[in-house]
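Here's a quick tour of the structure below, written for someone who likes to see the contacts spelled out. Have it open in a viewer while you read.

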Amino acid sequence: MNLTLRIWRQRTPEDAGAMTTYEVGGISEDMSFLEMLDQLNEELILAGDEPVAFDHDCREGICGACGMVINGRAHGPERTTTCQLHMRHFSDGDTIDVEPWRAAAFPVVKDLVVDRSAFDRVIGSGGYVSVPTGSAPEAHATPVPKPVADLAFEHAECIGCGACVAACPNGSAMLFTSAKVVHLNLLPQGAPERESRVLGMVEAMDDQGFGGCTNTGECATACPKGIPLSSIATMNREYLRASLKGGTRRR
Amino acid sequence: MDCDRPSVCAMALATRTDRPPSLIGSVWRSTVGKKAVMAVTGLVMLAYLVAHMLGNLKVFFGAGEFNHYGHWIRTIGEPFLHHMWFLWLTRAALTASVVLHGVAAYQLSRRDLAARPVKYRRTRQRASYATRTMRWGGVILALFIVWHILDLTTLTVNPNAQEGRLYENLVASFGRWYVAVFYIAAMLALGLHIRHGFWSAAQTLGANSPRRDRVLKAAANGLAALLTCGFIAVPLGVMTGVVS
């Protein structure tokens, strides 16, 4: 398979950056998108060129490190992570545009690598449960009904890859934040911090420069883990409920 | 902290327990809260529009009935309320809704545009037409409201301009083809705005759920179609001579 790649190259965060065209040949359809980029990088290194920088870690779709906009879609044409996207979804002779996540809160570090630490600051403002560490508690001490556990798990699947922010025309982190809020607020372990969690995380989300939600639904379409759009409605309900209860903003 | 006088120091300690932020202040500051304000004010305006549209349809039953309806609006609530008080209370609530809705939309839009400073080189068609036209559709509706008030409330730009003769003023206004066309265009924009806005409000207020999603979307489409058709019927009636 021979492909034309147009990849965003940017040396430093301050650099202007531009789309640069590369030709790659001998691509197997069984390769993942990242393996295809690995091959390009090997050729670039042999030619004495700078390899394309991109984030990756587990390469099995569970860490959320890899992320790039392929042909205008976060993680490319399939509903999966870039590492799990295979070249069989492209055709010989295709021109593929590869760009980094675009959002004010995710500044480009280099090429396709963006700084997603804004997500960490949102998590740090409430995306956890305060429990004493020590030996594991008895599993049946805190019963959770099966439908609640299932719904919480559906939201716990979020890997924080940032595709929702990249796909949103407003660079909004509502789907990410709501996944965490819904996951923890549903469970009895998260109940003591139910109000402060949602208030703190929404405030942090706004502070980090993410946009607001205009209900375009782009985030839920792009999410490789299938976090549903209803998650945002639930977070809105939790936020309004916590506001009316006068929950404490900061701990 | 310098503490020469113990009384001052005690005061400083006492004020360290932060007063909880006011509900209105904290809600207005957050994007989620501001959206909730937009949702509530949008629903207030939507409820008004349903009543307005039903009232408008009385135009098809003749000048007498329509003008009588116009007179009745000014007497609602009497003798508890003074003449026209109900009307002015409604106008005040609507003005507050329009202003809050517009200001919140402007501030949120500024924020949204700043949050995505660099566009993608390769883009694809995103979201529905109704969703993509919310901002400019809203601006068109705001301009329409100004024209509409000048035309049929204050009668500033009305060719007939007779106080209390609603029917005759309306027929004279829609007698100008460009006014009728502008009105119809604005009502189509209104339909699109409600199509996305109603469902969006449910989502923003947390009333949506996977179970209710289809019902709410159907309700949004139904309301949009009903209001658009109901409002457009009046200029069409004048243009076809049914109302004259």
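## Charged pairs in chain B

B:Arg165 and B:Glu168 pair up in a salt bridge, with 3.4 Å between the closest N and O atoms. Keep in mind that this is a predicted model. B:Arg165 is partly exposed, at a relative accessible area of 38%, and B:Glu168 is partly exposed too, at 24%.

A second pair in this chain is B:Glu65 with B:Lys58, where the closest N and O atoms sit 3.2 Å apart. B:Glu65 comes out as partly exposed at 35% relative accessibility, and B:Lys58 as partly exposed at 26%.

## Salt bridges elsewhere

Over all chains, the structure holds 17 salt bridges. In chain A, the side chains of A:Lys245 and A:Glu195 meet in one of them, at 3.4 Å from N to O.

Are the two partners buried or exposed? A:Lys245 is exposed, because its relative accessible area of 53% is over the 50% cut-off. A:Glu195 counts as buried, because its 15% is under 20%.

There's also a network of salt bridges, and it links A:Arg6, A:Asp97 and B:Arg122. As a general point, side chains of opposite charge can pair when their charged atoms come close.

## Chain A at a glance

Chain A has 8 helices and 7 strands. Its C-alpha trace spans about 60 × 40 × 35 Å along the principal axes. Of the 251 residues in chain A, 53% are buried. If you take the contacts in chain A between residues at least 6 apart in sequence, 68% of them join residues at least 24 apart.

Domain 1 of chain A puts 17 residues into the contact, and domain 2 of chain A puts in 20 residues.

## A buried serine

A:Ser32 sits in the loop between β2 (18–24) and α1 (33–46) of chain A. With 5% relative accessibility, A:Ser32 counts as buried.

What does A:Ser32 touch, leaving aside its neighbours within four places in sequence? The contacts are A:Cys83, A:Leu85, A:His86 and A:Met87.

## The nonpolar cores

The largest nonpolar core has 83 residues, and A:Phe210 and B:Ile194 have the most contacts inside it. Helix α9 (residues 177–204) of chain B supplies the largest share of this core, 12 residues. This core also draws at least three residues from each of domain 1 (3–110) and domain 2 (116–245) of chain A.

Let's zoom in on B:Ile194. Leaving aside neighbours within four places in sequence, B:Ile194 is in contact with B:Leu46, B:Leu49, B:Ala220, B:Leu223, B:Ala224 and B:Leu227. There's a second, separate core as well, with 26 residues, including A:Leu37, A:Leu44, A:Ile70 and A:Phe90.

## Helix α5 of chain B

Helix α5 (residues 85–115) of chain B has 31 residues. From its first C-alpha to its last it reaches 45 Å, close to the 45 Å expected at 1.5 Å a residue.

Which residues of α5(B) are buried? They are B:Leu87, B:Leu94, B:Ser97, B:His101, B:Ala104, B:Leu108, B:Ser109, B:Asp112 and B:Ala115. These buried residues pack against α2 (23–29), α3 (31–56), α4 (63–73), α7 (134–152) and α9 of chain B.

The mean pLDDT of chain B is 91, and 91% of its residues reach 70 or more. Residues 8–12 of chain B are another matter: pLDDT stays under 50 there, and the model has 2 contacts beyond four places in sequence for this stretch. Where pLDDT is low, the predicted coordinates should not be read in detail.

Key
Residues numbered from 1 in each chain as written. Chains lettered and ligands numbered in written order. Predicted model: local features only at pLDDT ≥ 70, side-chain atom pairs only at ≥ 80, totals over all residues. Heavy atoms only, no water. pLDDT = per-residue confidence, 0-100. Contact = heavy atoms within 4.5 Å. Core = buried A, V, L, I, M, F, W, Y, C linked by side-chain atoms within 4.5 Å. Buried < 20%, exposed > 50% of the residue type's maximum accessible area, 1.4 Å probe, protein only. Helix = DSSP H or I, 4+ residues; strand = E, 2+ residues; numbered from the N terminus. Domains from an automatic or database assignment. Expected span 1.5 Å × (residues − 1). Salt bridge = Lys/Arg side-chain N within 4 Å of Asp/Glu carboxyl O.
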